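Hi,

Here is the model I promised to pass on.

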Amino acid sequence: MRGPKSGVMAVAPIPKEPEQFTDLDSNGVYNIGEPFVDTGNETWDDGEDFVDVPNGIWDENEEFIDVPNGVWDEGEKFVDENSNGIWDRSEPLFIDTNGNGVMDEIMGYYYDPENQSLLQNSLGGLTPIQEEKHQDPFEDTNADNFWTEGEPFEDQDGDGKYTSYPYFWDLNGDASYTIGEPFEDVKNGQYDLGEEFTDEKNGKWDDGEELTDRGNGVYDVGIKVVLLDLDDESYRILSANEPWPYHRGRVWGKIIRNLTNTGAKVIVFDFEFDAPDSQSESALGVLRQYKNVTGFDVDKALIDGTAENLEHGDDQLAEAVLYAKSKGTKVVFGSKLVNEPTRVPPQYISHPSSRIMNSDPYEGLVNSIDSDIDGVSREYPVFLVLNNMENDSTFYHTLAVNAVSAYLDIPEETLPFFDLNIGTYNYGPLSIKTLGKTPLFFINYYGPTSSANPFGKPYNTFNRYPLANVMDDEDYDIGEDDADWMSNFDPTSSFNQMMVEMDPDYEIMESPFKDKIVMIGASTEVFHDTKETPFFSYKGHQSRTPGMEMHSNAIQQILDGSYIKVVTGSLQFNDQSRWNHILIILGISFFTFFVIFKLDPKYGALMILLEIIVWLSYSMGGFSGDYFWLFRSIPGLSNSQIPIANPALIPVVFPMATIFLTYGINVGYKLISEGKDKAFLKSAFGNYISPELIDDMFDNKQAPALGGDNGMRTAYFTDIQSFSTFSEKLTASELVMLLNEYLTVMTDILLNGGGTLDKYEGDAIIAFFGAPMDQPDNALRGLKVAVEMQNGCEMLRKKWQSEGDKWPEVVKQMRTRIGVNHGDLVCGNMGAENRMNYTMMGDTVNTAARLEEGAKQYGIYTATTIETLEVAGKDSFEWRIVDKTRYMGKSMATTTVEILDFKGNLSSESIQMIETFNKGFELYQEMKWDEAIETFKESEKHEDNYPGRPTNPSKKLISRCEEYKENPPVIDGEEWDGVYTMTKK
């Protein structure tokens, strides 16, 4: 629903560079009222890097007068009332309104942070200044405490626009905020758009002002992060010169220098350099090994500096970091919080190697968090702490936080403050919205992985460059692909220096890394450093995101301040969100119950569907920033884009589950009350009419009537082989016990398979499929039940055999014959007006009965027709055609098929038997009696001749062929149809 905010697939992508504006006062930053290049909504918005003059922090040698944040910072002037030389909380800060840098005797202003009032220094002493505050009342729909475009308001002054005269002291009477005037601060120490002020130019773009919007509706400072990717191509190219792991000096040090020379502001490594450089250590190991031979003490030489042309890779990398520092470029290395249960203490921070740390670089933790539920990386830690807070209570910042810290030049001595009450982590100018009382925030991903290429071009969420490109300069040969690419942007390259000497006006190509945060990481599959993100599957294409790009999304998000708000405090049920969740559940439950309590279940279902749509639109609209997204998505209804700003996570699943549950309870109550009525009918009439008819009477509120309907259904007959022999061997009670056990197992299989029991006739079961409920696959169901009944009968035989002498041998070898036939038959209420039963009738039923009866002549136990098998699906079973038969009382011939088992369940011997039998049957149909006899004799060797089986199809057709040799079925010259007419059942 919510697409990407950056890259080629975004509807209105955030520009990669800042939008241009006209700097009227030549202070180098954007100020309210200055024309600017907007990217879409014709207004300068909160969060778009408004930089005040001054810049909100104290710089060295600069006397900074803070537009107050309620605390004294180094360099700020104050009124030292008790002459103790330090600022006390009760002492007002000095505000220099005339810009002379000193506190004037007669006119000066002081801000009282305790009373939040302005004091004027006059001859009468410090007196409070009162300023009338007026603003049009408004409905704060987004709960940010400020009026936002689109929020309803009461136009009290009748000027047709929202008016706010507020919360600053207008000392010079120009009706607009001026640098140095006190204001109500949102605690970041500088004036931000969104803090109440009166702008003489109304703070938004008006018709006639110069504006060029790139399409996303807001003024953007651009994407600050650039990816430097060790991708498969770079890994291949560099492998010709550099074995992995790469030499810290030749590769990583060179990359730092090249990026520094081309203007990168921050270089971030999503690699861990916790162990010493392996190539250097290998070389040192060789030198140490031959110390006695060469007499060269490499360790001593490294310490005293006498080792010519010998320098450790980590030292070279550290030198590159120092070089970057000298040019104003910060370097951030990855570290990691490690858990080792056998270590004391078990947790520690794995820093870069000590040689690298000698350069005093930035570092940040690369630890990530994957969801325990689906493995998706959604949460990002702001900081981590060790599990021994009594010894180390340091907040160890993560890679993204320290990358932003380096970018914004936040002093290292800046102390963070974690406000648990409102879930905000304050660090210098940063105010990170956390997930409640946890040091985490949801990553507001800007789009799919940048390198994904499903539509012929990369998504390009972030600008991405191969690592080999940055290595490719005039001093490094990367082979056949060498183009000195990096030298184009490097002013120190010999080519650019030569061009400048030749033409002082020569412009060096603009570097793609200038003033950017360059994130260095790997996407090559060798490292398996990828994450599954919410954009894993986008527009039908799946792509995992490299770990470095997860950090990049977090960096850009912190810079933009675009945090995802969780309305309930947490999506999980915990102390923070418990009552919010309970109130939502109770509110939805009561609303749903009272709405549908009196409604018919069908109308109630429509109401809950509407309720679900409303909640879905509300919850997902909170994330997209547009509560009418569902209607916008209807083709032809609206072409306007869905805004993506200030996303809010609102629970979706459990509120919808609450709606379903409440509806289910309501329907369940009605079913219970109706079930009592139905139970009364069944208890009163269950001994007289079938349960199916009672249900039909109750559901249709009418008495049963005679009649039925026809359809393509499946008739089903079973019978126990040689049941009369059982009667002779067992007493009446034993026979009843045996039949009950047999019929229980067979009936359970029938009903579980979707069959309808018609009746029992002694040991026989008569049933059908496809009625009273329509079953399009009724033929398949019938044959499956037949195979499962044969398997069930096998289990009964094993059980009876395990019971020793309890049963005679004839019981232990009991077999059941089954006949299944699919065709047109009638199912309905049959019988008399006052006594009826739901049963089946038709020729299809008669054929099924004949199949079951005729099976004994062939020695088979599951018989069906070729037509039934074709409807059910031949590929589901192991089978063979045993004969073309015209049964007694039938004029039409039937191709009889034996079902042996489910597909793939036969032994190789049985499969060979079927293949041989099929060849014999073809010869039999061609009246090649002798050849058929020989083939059937071969198949008969593989027939399963278990006890109690009087014959089998091979024996039967051998006998038939010998009979036809003596008495051919047709006179010479006539064509035989291959049908055998039975003369007995």
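A term first: axes are lines fitted to C-alpha atoms, for helices over the stretch in contact, and angles run from 0 to 180 degrees between N-to-C directions. Helices (H or I, at least four residues) and strands (E, at least two) are DSSP runs, numbered from the N terminus.

This is a predicted model, with local features needing pLDDT of at least 70, side-chain atom pairs counted only at pLDDT 80 or more, and totals for chains, interfaces and linings using all residues. Residues are numbered from 1 along each chain as its sequence is written, and side-chain values use heavy atoms, leaving out hydrogens and water.

Now the helix pair. H18 (residues 732-752) packs on H19 (residues 778-802) at about 150 degrees, and their axes are 9 Å apart. On the H18 side, the contact (heavy atoms within 4.5 Å) includes Leu738, Tyr742 and Ile749; among the H19 residues they meet are Met789, Leu796 and Trp800.

Next, the strands. Six of the seven residues of S8 (residues 266-272) are buried, meaning under 20% relative accessible area with a 1.4 Å probe, protein chains only. S8 pairs (at least two DSSP bridges between the strands) with S9 (residues 330-339) in the parallel sense, over four bridges. Val268 has Val332 of S9 as its bridge partner. S8 also runs parallel to S20 (residues 517-522), joined by four bridges, and there Val266 is partnered with Ile517.

Last one: Ser405 sits in helix H8 (residues 399-407). Why does Ser405 count as buried? Because its relative accessibility is 1%. Leaving aside residues up to four places away in sequence, Ser405 touches Tyr362, Ile410 and Tyr427.

Cheers

Definitions and conventions:
Buried means under 20% relative accessible area, exposed over 50%, partly exposed in between (1.4 Å probe, protein chains only).
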